[in-house]
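Q: Could you walk me through this one, starting with the aromatic residues and then moving on to the helices?

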Amino acid sequence: MNENLQNLCNRYMDYILEQLDALLAIDSPTGYTRRVSDYLAAEYTRLGYTPRLTRKGGVLVDLGGNGSAALVMAHVDTLGAMVAEIKDNGRLRLTPLGGLNANNVETENCTIRTLDGRSFEGTIQLMDASLHVNGKYQETGRSFETIELLLDEPVCSKEEVLALGIANGSYVCIDPRTRITESGYIKSRFLDDKLSAAILLGYARYVKEEQVTLARKVYQHITVFEEVGHGACGSVPEEVEEVLSVDMGCVGSGLECTERQVSICVKDSHGPYHYDMLRALVQTAKDNEIDFATDVYPYYGSDADAALDAGTDARHGLIGPGVYASHGYERSHKDGVRNTFALLKAYLG
């Protein structure tokens with residue numbers, strides 16, 4: 001990356017990480033997102049913008065500029081769970097929200113949010129989780145039929161749980177366990193996609209602070225139903241010609257991207273991204289010496305896909321910082337943040 005672009009990225013790194021920490025601290029599984037949307041609206045307002053909440057609860061912001069319009073998207077809804085049954089012994093059976101995997105949440109602390117606004121703590125455990133008692137602990141497959149939620153309350157019956165206000169439909173929010181290492185690694189649940197949402201806030205601050213005259217019209221849309229497939233199925237401004245989803249870049253077997261790069265997705269489970277937009281993104285990265293990789297994501301769908309599925313007539317693309325262990329305890333790196341911010345800045349002009 002050239003020196004001027006590197007220095008610009010570094011100027012906004014602390015702000016991006018501050019916003020990441022704030023966003024991760026707000027529980028927001030799909031469907032329970034009003035608090036995080038209110039936070040975002042307040043932060044955009046503080047930066048000098050006029051955001052509006054969509055009817056679905058997303059945050060849409062006009063960053064200014066003239067010329068062909070682009071909509072840049074990230075999402076702040078996360079994986080989570082919901083109470084599906086209160087058992088006779090006071091334990092809770094869960095149903096996942098989005099692609100939550102039972103193997104990845106065993107022993108995690110969580111908060112239960114009731115439909116009347118109360119909250120309680122608990123832990124997700126395998127049924128009969130004591131190794132000194134359960135001789136089949138190792139053999140048991142982890143699924144939402146074999147794990148359960150133990151409330152940190154003195155309850156041992158269904159009636160006692162109901163008396164707390166917990167019922168089917170109560171939300172289960174998993175602790176993110178955020179940590180940033182001295183070597184620059186960022187570890188947390190829900191980097192997908194709060195890391196990219198923080199990068200978009202950093203870009204919005206850069207535009208306002210540097211009094212940038214954008215070479216094109218730019219909107220940002222922070223969506224809240226991406227994890228269930230319809231985050232960007234509405235609220236796309238009529239004049240938008242390109243939709244760019246900024247989401248996690250996949251890191252794993254058979255892929256080129258690392259946590260220290262920005263990933264440019266060429267194809268996901270919905271099909272290829274727009275050729276002209278891919279060429280432009282790749283050429284922009286090369287021209288600005290941005291560390292990037294191009295990859296095919298085998299099991300992935302983005303807000304850009306959702307926008308086109310809903311009938312939006314626009315070119316579409318997908319980029320994002322490399323993230324390992326997606327939908328689990330995820331890991332990225334500050335360099336991945338820098339490279340993603342740099343590509344946004346250079347591509348949007």
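**Aromatic pairs, helices and core**

A: Both Tyr297 and Tyr300 are buried, where buried means under 20% relative accessible area, exposed over 50% and partly exposed in between, with a 1.4 Å probe and protein chains only. Please keep in mind that this is a predicted model, in which local features need pLDDT of at least 70 and side-chain atom pairs count only at pLDDT 80 or more, while totals for chains, interfaces and linings use all residues. Residues are numbered from 1 along each chain as its sequence is written, and side-chain values use heavy atoms, with hydrogens and water left out.

Q: How many aromatic pairs does a search of the whole structure find?
A: The search finds seven aromatic pairs, where rings of Phe, Tyr and Trp (its six-membered ring) pair if their centres lie within 6.5 Å, and planes under 30 degrees apart count as stacked, over 60 as edge-to-face and the rest as tilted. In one of them, the ring centres of Tyr12 and Tyr206 are 6.1 Å apart and the planes stand at 80°, so this pair is edge-to-face. The pair links distant parts of the chain, since Tyr12 is in helix H1 and Tyr206 is in helix H4, 194 residues apart; helices (H or I, at least four residues) and strands (E, at least two) are DSSP runs, numbered from the N terminus.

Q: Are Tyr12 and Tyr206 buried or exposed?
A: Tyr12 is buried, with a relative accessible area of 2%, and Tyr206 is buried as well, at 7%.

Q: And which residues do ring pairs link into a cluster?
A: The cluster consists of Tyr12, Tyr203, Tyr206 and Phe341.

Q: Switching to H2, which of its residues are buried?
A: The buried residues of H2 are Val36, Ser37, Leu40, Ala41, Glu43, Tyr44 and Leu47. Seen down the axis of H2, they fall within an arc of 165°, so they line one face of the helix, the arc being that of the directions from the helix axis to the C-beta atoms. Arg34 and Arg46, on the other side of H2, are exposed.

Q: What covers that buried side of H2?
A: The cover includes helix H1 (3-24), strand S1 (52-53), strand S2 (59-64), helix H4 (191-209) and strand S12 (217-223), with contact taken as heavy atoms within 4.5 Å.

Q: What about the core, which residues have the most contacts inside the largest one?
A: Leu151 and Leu344 have the most contacts inside the largest nonpolar core, which has 103 residues; such a core is a set of buried Ala, Val, Leu, Ile, Met, Phe, Trp, Tyr and Cys residues joined through side-chain atoms within 4.5 Å. Not counting residues up to four places away in sequence, Leu344 touches Val72, Ile199, Leu200, Tyr203, Leu244, Val246 and Ile319.

Q: One more, where does Arg142 lie?
A: Arg142 lies in the loop between strand S7 (119-126) and strand S8 (147-151), and it is buried, with a relative accessible area of 18%.

Q: Which backbone oxygens lie by a polar atom of the side chain of Arg142?
A: Among them, the backbone oxygen of Tyr137 is 3.0 Å from a polar atom of the Arg142 side chain, and that of Thr140 is 2.6 Å from a polar atom of this side chain.

How values were computed
Polar contact = N/O pair within 3.5 Å; in protein donor to acceptor, adjacent residues only side chain to side chain.
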